[in-house]
Amino acid sequence: MKYYDQIKQQTEDPAMQIENLIREFFQTSPENSMNFEHIERVFDEPLVGFSNGGDPLFEFLKKDIGSPCMTPVEIFRTSFPDIEARADDLTVISWVLPQTRLTKNDNRKETAFPSERWARAKHYGAAFNKALMIHVANILKKTGIAAVAPVLAPIFTIGVSERYGLASSWSERHAAYVSGLGTFGLCDGLITPRGKAMACGSVIAQIRITPTPRSYTDHHAWCLFYAKGTCGLCVKRCPAGALSKEGHNKNLCSEYEHGVAQEYIRSHFGIDDYACGLCQTGTPCESKNPVRHSGKTGYQDVHNRQDHGSNVGNSS
Ligand code: SF4
Ligand code: SF4
């Protein structure tokens, strides 16, 4: 495999090789399919970001969210108990898989339940994302680099954070946020340079890669509601009353998705899965960063802000 030697030698920053292997899998994997009778990919071209496992934001998130949230080094050491690893020996490889124009167009028209394309993208997209995680981790392992996909690790759990309610040991959106790929919106979705209608995934690897700069200084910088005091369209889009100016009620959202929405998807599309995504489409942040914030990189600014600590974990 052409990537093995390039990554293994590490004569140059291997970021490009890892990005290429993600893009190649995106282009060639049969799992990147909506499983219609015609050929249609689930996702558009991925975005890739990197963060160092010792980035203080990971420790901050663990403290802020509390149990069950874990740091990259905790997950790595639990997955590879025989390998000595310091936090800053690790890199979090994070990616964003944007929804296609067709999927967004369809879901934008809906007002109560997700469109068939959205439901398919959720269901088959999760399978593709999982296959991508396994592929990236396996390629790295074959080069001698220990790697684990946190959400596929046996240690992965979903529990209840005392402060924020439903939470998991690893949040893909928080990993993407630390890896320079976007900031959170009023509805808790991550607004990336390609917008909020997307899925994301990650792998933690024992490899040093230059972190992707974060072009924001606040975890809500790309949301119009927080940045400019305007918008709030995601609140109007929510059919479950789970969004308000106070943010995202995870319990109402989950009840809706796993209740009437799942039943609708099963009975109308023959897919046994939950989905919604109405707040991710038909909004100014659907396909782009609507604020076009161009602040300086600076997690320290974020880390030191009192308001940052007050609710960043709520997006877990
Ligand atoms: S729809 Fe508006 S308020 Fe909601 S997350 Fe997007 S930019 Fe923020
Ligand atoms: S996913 Fe659906 S139910 Fe949940 S907050 Fe968004 S619009 Fe509301």
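What percentage of the 316 residues of the chain count as buried? The answer is 49%. Keep in mind that this is a predicted model.

Let me start with the overall layout. The chain has 12 helices and 10 strands. Take the contacts with a separation of 6 or more: 73% of them are between residues 24 or more positions apart.

Next, the core. The largest nonpolar core has 84 residues. Val136, Val203 and Ile204 have the most contacts inside this core. Helix H6, residues 116-142, gives the largest share of the core, 11 residues. As background, nonpolar side chains tend to be buried together in soluble globular proteins. Look at valine 203 for an example. Setting aside neighbours within four places in sequence, valine 203 is in contact with Ile93, Met133, Val136, Ala137, Ala147, Val148 and Ala149.

Now strand S1, residues 47-52. How many of the six residues of S1 are buried? Six of the six are buried, so S1 is largely enclosed by the rest of the structure. Leu47, Gly49 and Ser51 point one way, while Val48, Phe50 and Asn52 point the other way. The general rule is that side chains in a regular strand alternate between the two faces of the sheet. In S1, the residues pointing either way are all buried. S1 runs antiparallel to S2, and six bridges join the two strands. Within that pairing, serine 51 has valine 92 in S2 as its bridge partner.

Another antiparallel pair is S4, residues 158-161, with S5, residues 165-168, over four bridges. These two strands form a hairpin, with three residues between them. Valine 160 stands opposite leucine 166 in S5.

On to helix H4, residues 72-79. Its buried residues are Pro72, Ile75 and Phe76. They cover an arc of only 100° around the axis, so they are on the same side of H4. The buried residues of H4 pack against helix H3 and strands S2, S3 and S8.

There are two ligands to cover. Ligand 1 is surrounded by 14 residues, and the closest are Gly185, Cys223, Cys231, Cys234 and Cys285. Helices H8 and H9 each supply at least two residues of that shell. By type, the shell around ligand 1 has 11 nonpolar residues, three polar and no charged.

Ligand 2 is also surrounded by 14 residues, and here the closest are Cys238, Ala240, Cys253, Cys276 and Cys279. Helix H10, residues 250-269, provides the largest share of the shell around ligand 2, three residues. The shell around ligand 2 divides into 10 nonpolar, two polar and two charged residues.

Last, some backbone details. Most residues other than glycine have a negative phi, and most peptide bonds are trans. The peptide bond from serine 67 to proline 68 is cis, with omega near 10°. Proline 68 sits in the loop between H3 and H4.

Asparagine 35 has a positive phi, near 60°, and lies in the loop between helix H2 and S1. Aspartate 188 also has a positive phi, about 85°, and lies in the loop between strands S6 and S7.

Which count of C-beta neighbours inside 10 Å makes asparagine 35 exposed? The count is 12, and asparagine 35 therefore counts as exposed. Aspartate 188 has 21 other C-beta atoms within 10 Å, and it is buried. The cut-off for buried is 20 or more.

How values were computed. Residues numbered from 1 in each chain as written. Chains lettered and ligands numbered in written order. Predicted model: local features only at pLDDT ≥ 70, side-chain atom pairs only at ≥ 80, totals over all residues. Near = placed C-beta within 6 Å. Nonpolar A, V, L, I, M, F, W, Y, C, P; charged D, E, K, R; others polar. Pairing = 2+ DSSP bridges. Contact = placed C-beta atoms within 7 Å. Arc of directions from axis to C-beta. Core = buried A, V, L, I, M, F, W, Y, C linked by C-beta atoms within 7 Å.
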